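This report is a first guide for a reader who has not seen the structure before. Please keep the sequence and the 3D view open while reading.

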Amino acid sequence: MNHERSHTLFSRALDLIPGGVNSPVRAFKSVGGEPFFAQRAEGAYIFDVDGNRYVDYVGSWGPMIAGHAHPEVLAAVEGTMRNGLSFGVPNALEVEMAEAITRIVPSCEMVRMVNSGTEATLSAIRVARGATGRSRIVKFEGCYHGHGDSFLVKAGSGVMTLGLPNSPGVPAALADLTLTIPYNDFDAAARLFEEAGHDIAGLIIEPIVGNANCILPREGYLQHLRELCTKHGAVLIFDEVMTGFRVALGGAQQRYGITPDLSTFGKIIGGGMPVGAYGGRRELMSQVAPAGPIYQAGTLSGNPVAMAAGLATLELIQAPRFHEALERRTHELCDGLEAAAREIGVAFHTTRAPGMFGLYFRKGPVETFEDAKASDAGKFGRFFHAMLERGVYLAPSAFEAGFMSSAHGDAEIAHTILAARSAFAEVAGG
Ligand code: PMP
């Protein structure tokens with residue numbers, strides 16, 4: 001495979017953009033080598049500037065659940081943009097979006113649009129703090145909630161890939177207010193609330209962790225957290241930036257039957273445009289400015305073009321049995337990969353949720369962050385590149401979930417499993 005144009009672009013970028021990228025994981029640091037530069041993408045495929053084609057299991061890190069460049073999403077964007085790109089006054093699409101979100105996710109009685117997942121989570125903890133008058137928040141080791149100061153404490157995603165347990169620039173005084181506990185540990189959560197419950201404004205969690213590879217909640221775990229938060233008067237925040245509208249139409253909260261107080265979204269509701277949202281109980285959300293005193297604002301928030309892309313995407317995923325099909329495809333892919341690894345004799349395990357999966361170079365089960373970290377990252381890096389050479393683009397980190405879309409069909413899955421068979425052989429050969 002030729003990567004000449006990507007290489008030239010990356011050299012130019014390295015000089016001018018930190019690490020050559022506008023978001024760290026894109027730099028391929030954890031798998032080695034250099035990123036490819038996208039030319040275009042369509043359906044399940046992404047094409048680079050050198051003309052190479054890849055089955056794409058990243059999907060822009062989640063938004064492209066209906067496949068890239070879906071004609072209906074593009075048409076909605078094109079139609080909307082002709083009226084102007086941004087108004088700075090309310091527009092009808094914002095109301096439609098609020099209606100769609102609150103209908104699909106009943107725990108959200110009110111919702112506010114922002115421009116990224118990071119803004120959504122920052123705003124959600126501000127509401128939790130403002131509403132409770134408390135200052136501490138609880139997060140989980142390996143969970144990533146964007147790059148807000150309070151969250152860069154034992155975070156997952158790029159923070160983990162790059163080995164930055166905390167970030168310089170985050171004041172210790174602020175980091176001290178973030179309490180971290182291990183995901184899926186019932187006792188740790190109970191102990192923490194016994195000790196500090198009176199001081200805890202809110203608990204934020206990825207109900208399915210997608211930023212430490214892909215870890216599912218143990219039976220009853222999310223319910224346990226719901227009960228602890230209720231008992232101690234803390235706000236339960238589900239960060240559904242990844243899982244929202246993906247693992248079920250109504251997200252992880254629907255899949256597991258839990259009602260959080262606040263939820264954060266992003267990715268899918270923007271259909272590939274920059275969008276985030278936070279919402280929840282009316283009593284909490286009505287404290288946000290200008291209805292209430294908790295301040296949060298945004299020049300481009302509720303952008304009409306972004307709303308149009310998101311609404312078109314939400315329309316597509318409400319097709320009958322959309323999520324069932326996505327779940328079946330995810331199992332087909334993961335079962336095929338596990339069978340291929342078994343054939344070659346490579347220790348390998350997958351975790352799955354509808355449209356989302358984790359790949360581990362170790363034996364299962366994987367239920368904790370420690371389990372996830374025990375995956376052989378060196379082997380993953382070799383596997384990643386062997387797959388890339390065979391036209392399959394996986395998340396360029398052993399600690400990121402993979403994503404599927406409705407455009408991933410039989411042909412793409414068969415191609416992926418065939419590629420994996422020889423990639424596993426390459427990994428096994430050392
Ligand atoms: N929360 C979660 C669970 C995420 O996965 C991400 C990003 N991958 C974010 C928050 C931050 O979203 P953004 O990158 O849009 O700021």
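This is a predicted model: local features need pLDDT of at least 70, side-chain atom pairs count only at pLDDT 80 or more; totals for chains, interfaces and linings use all residues.

**Domains and their contact**

The domain assignment divides the protein into domain 1, made of 4–69 + 320–428, and domain 2, made of 71–317. Between the C-alpha centres of domain 1 and domain 2 the distance is 25 Å. Domain 1 gives 33 residues to the contact, and domain 2 gives 35 residues. On the side of domain 1 that touches domain 2, the elements giving two or more residues are the helices α12 (322–344) and α13 (369–373), together with the strands β11 (349–353) and β12 (356–360). Of these, β12 gives the most, with four residues. By residue type, this side of domain 1 has 20 nonpolar, ten polar and three charged residues.

**The seven-stranded sheet**

Seven strands make up an open sheet with mixed pairing, in the order β4-β10-β9-β8-β7-β5-β6. Its edge strands, β4 (110–114) and β6 (178–181), each pair on one side only. From one strand to the next, the twist averages 20°. Within this sheet, β9 and β10 are antiparallel and share five bridges.

| Helix | Residues | Strands it lies across | Angle |
|---|---|---|---|
| α3 | 92–104 | β4 and β10 | about 125° to β4 |
| α4 | 117–132 | β4, β5 (136–140), β7 (200–205), β8 (235–239), β9 and β10 | about 165° to β9 |

**The four-stranded sheet**

A further open sheet has four strands in the order β1-β2-β3-β13, and its pairing is mixed. The edge strands of this sheet are β1 (38–42) and β13 (392–393), and each pairs on one side only. Strand β1 pairs with β2 (residues 45–48) in the antiparallel sense, over four bridges. Ala-41 stands opposite Ile-46, which belongs to β2.

**Lys-267**

An unreviewed UniProt entry annotates Lys-267 as "modified residue: N6-(pyridoxal phosphate)lysine". Where does Lys-267 lie? Lys-267 is in the loop between β9 (262–266) and β10 (276–280).

Does Lys-267 count as buried or exposed? Lys-267 counts as buried because it has 28 C-beta neighbours inside 10 Å, and the cut-off for a buried residue is 20 or more. When its neighbours within four places in sequence are left aside, Lys-267 is in contact with Trp-61, Gly-62, Pro-63, Gly-117, Val-241 and Met-242.

**Gly-292**

Gly-292 also sits in a loop, the one between α10 (282–285) and α11 (304–317). Leaving aside neighbours within four places in sequence, the contacts of Gly-292 are Ser-286 and Gln-287.

How far apart in space are Gly-292 and Val-392? From C-alpha to C-alpha, Gly-292 and Val-392 are 49 Å apart, and in sequence they are 100 residues apart.

How values were computed
Residues are numbered from 1 along each chain as its sequence is written. Domain bounds come from an automatic or database domain assignment. Two residues are in contact if their C-beta atoms, placed from the backbone, lie within 7 Å. Ala, Val, Leu, Ile, Met, Phe, Trp, Tyr, Cys and Pro count as nonpolar, Asp, Glu, Lys and Arg as charged, and the others, Gly among them, as polar. UniProt positions are given in the numbering used here, feature names are shortened, and annotations may be inferred rather than shown by experiment. A residue is buried if 20 or more other C-beta atoms lie within 10 Å of its own, exposed if 12 or fewer, and partly exposed in between; C-beta atoms are placed from the backbone. Two strands pair if DSSP finds at least two bridges between them. Axes are lines fitted to C-alpha atoms, for helices over the stretch in contact, and angles run from 0 to 180 degrees between N-to-C directions.
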